[in-house]
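Below are some notes for a colleague who is opening this structure for the first time. They are numbered so that each can be checked against the view.

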Amino acid sequence: MKKKTCSRTKMFARRIIRLYCSLPKPTRVAQVLGKQVLRSGTSVGANYREANRARSKTEFISKMGDCLKEADETLYWLELLLEEKIVPAKKLGALVSEFEWNWLPSFITILKKARGHE
């Protein structure tokens, strides 16, 4: 299960990279928002990978908390790209939905289980 999710987070990071590369170049706002989403979106998988290599439960919980934080931040930047009409909803809608309905709830569930709050 962990390996499958790690490959999914890497696939997601690659989608973020492609999104960033497709942003309008002359638009300063697009590039600033794009760099933010690139940073946070690619951090999700890196933190997830670190969490699964954690040496302790405390370290695992900390890294999963970082995953949740970066995923939520990524959603924020994606929403701004949509709301500012920098990227059309048709192109970005599925990615935003994936964050809202898949990544955030998954990370919340993992954290609750790890903390024993289920």
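1. Phe12 has a relative accessible area of 2%, so this residue is buried. The model is a predicted one, and this value, like the others in these notes, should be read with that in mind. Phe99 is also listed as buried, its relative accessibility being 0%.

2. How many aromatic pairs does the count give? The total comes to 5 aromatic pairs. In one of them, the ring centres of Phe12 and Phe99 are 4.5 Å apart and the planes stand at 65°; planes over 60 degrees apart count as edge-to-face, so this pair is edge-to-face. The two partners come from distant parts of the chain, with Phe12 in helix 1 (residues 2–22) and Phe99 in helix 4, 87 residues apart.

3. Are the two residues buried or exposed? Tyr76 is partly exposed, because its relative accessible area is 44%, whereas Trp77, at 14% relative accessibility, counts as buried. The cut-off behind this is that buried means under 20% relative accessible area.

4. Which residues make up the aromatic cluster? Phe12, Tyr48, Phe99, Trp103 and Phe107 belong to one such cluster. One of its members, Trp103, also has a charged neighbour: Arg8 lies over the face of the Trp103 ring, 4.9 Å from the ring centre.

5. Next, the helix packing. Two packed helices are described by the angle between their axes and the distance between the axes. For helix 3 (residues 57–83) and helix 4 (residues 89–115), the axes come within 9 Å and cross at roughly 160°. Angles over 145 degrees count as roughly antiparallel, so helix 3 is roughly antiparallel to helix 4. Helix 3 passes helix 4 in a left-handed crossing. The residues of this contact divide into 21 nonpolar, 2 polar and 5 charged.

6. How do helix 2 and helix 3 cross, and at what angle? Their axes come within 8 Å, with a crossing angle of roughly 155°. Helix 2 is therefore roughly antiparallel to helix 3. The crossing of helix 2 and helix 3 is left-handed. In the contact of helix 2 with helix 3, the residues divide into 13 nonpolar, 6 polar and 6 charged.

7. Thr42 is placed in helix 2 (residues 28–51) and counts as partly exposed because its relative accessibility is 27%. Thr42 and Ile61 are 19 residues apart in sequence, and their C-alpha atoms are 19 Å apart in space. Val44 is in helix 2; at 1% relative accessibility, Val44 counts as buried.

8. Where is Asn52 placed? Asn52 is in the loop between helix 2 and helix 3. Its relative accessibility is 21%, so Asn52 counts as partly exposed. From Asn52 to Lys63 the separation is 11 residues in sequence and 8.7 Å in space, C-alpha to C-alpha.

Terms used: Residues are numbered from 1 along each chain as its sequence is written. This is a predicted model: local features need pLDDT of at least 70, side-chain atom pairs count only at pLDDT 80 or more; totals for chains, interfaces and linings use all residues. Side-chain values use heavy atoms; hydrogens and water are left out. Axes are lines fitted to C-alpha atoms, for helices over the stretch in contact, and angles run from 0 to 180 degrees between N-to-C directions. Helices (H or I, at least four residues) and strands (E, at least two) are DSSP runs, numbered from the N terminus. Angles under 35 degrees count as roughly parallel, over 145 as roughly antiparallel, 65 to 115 as roughly perpendicular and the rest as oblique. A crossing is left-handed if the near helix is turned anticlockwise from the far one by less than a right angle, and right-handed if clockwise. Ala, Val, Leu, Ile, Met, Phe, Trp, Tyr, Cys and Pro count as nonpolar, Asp, Glu, Lys and Arg as charged, and the others, Gly among them, as polar. Rings of Phe, Tyr and Trp (its six-membered ring) pair if their centres lie within 6.5 Å; planes under 30 degrees apart count as stacked, over 60 as edge-to-face and the rest as tilted. Buried means under 20% relative accessible area, exposed over 50%, partly exposed in between (1.4 Å probe, protein chains only). A charge sits over a ring if NZ of Lys or CZ of Arg is within 6 Å of the ring centre and within 35 degrees of the ring normal.
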